[in-house]
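Dear colleague,

I am handing over the structure we spoke about, with a short account of what was found in it. Please keep the sequence and the model open beside this message as you read.

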Amino acid sequence: MTEQRTAPPAEAPDLWTSVEDLRTWLDADRRHDGETSLVLRMLKLTEEVGEVAQAVIGATGQNPRKGVTHSWEDVQGELCDVVITALVALRTLTPRAREVFEEHLARVRQRSLAP
């Protein structure tokens with residue numbers, strides 16, 4: 001029996017290229033313009049955070065009627081969705097999303113990790 005070789009996975013785009021691609025894709029099919037579109041993009045975060053809560057409840061079996069319905073890997077995926085949604089929302093708000101994020105992260109690190 002011969003071993004099949006598969007091509008190595010293509011290099012994934014960097015984080016900010018992916019964020020831009022997702023924002024462009026979402027904008028191409030948006031149903032609302034202006035501030036309404038912006039507000040709805042921000043509200044999507046609430047939906048995603050709710051899915052994290054649902055997955056945590058499901059992973060811990062907290063709902064006795066449903067029992068264990070999710071895994072901690074599901075929670076990881078939902079947390080990733082929150083991060084992606086937040087970055088896309090930030091990019092929707094400003095074309096300087098990367099710089100805004102990096103500057104804010106530096107401030108948070110400074111105030112949190114400074115002796």
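Contact here means heavy atoms within 4.5 Å. The model is a predicted one, and by that contact criterion Leu87 touches Leu15, Trp16, Val19 and Phe101, leaving aside residues up to four places away in sequence.

Some of these contacts belong to the packing of two helices, H1 (residues 15–28) and H3 (residues 72–93), whose axes come within 9 Å and cross at roughly 70°. Because angles of 65 to 115 degrees count as roughly perpendicular, H1 is roughly perpendicular to H3. On the H1 side the residues that meet H3 are Leu15, Trp16, Val19, Glu20, Leu22, Arg23 and Leu26, and on the H3 side their partners are Ile84, Leu87, Val88, Arg91 and Thr92.

The largest nonpolar core has six residues, namely Trp16, Val19, Leu87, Val88, Leu90 and Ala97. Both H1 and H3 supply at least two residues each to this core, and H3 gives the most, with three.

With best wishes

Notes. Residues numbered from 1 in each chain as written. Predicted model: local features only at pLDDT ≥ 70, side-chain atom pairs only at ≥ 80, totals over all residues. Heavy atoms only, no water. Axes fitted to C-alpha atoms, helices over the stretch in contact; angles between N-to-C directions. Helix = DSSP H or I, 4+ residues; strand = E, 2+ residues; numbered from the N terminus. Parallel < 35°, antiparallel > 145°, perpendicular 65-115°, else oblique. Core = buried A, V, L, I, M, F, W, Y, C linked by side-chain atoms within 4.5 Å. Buried < 20%, exposed > 50% of the residue type's maximum accessible area, 1.4 Å probe, protein only.
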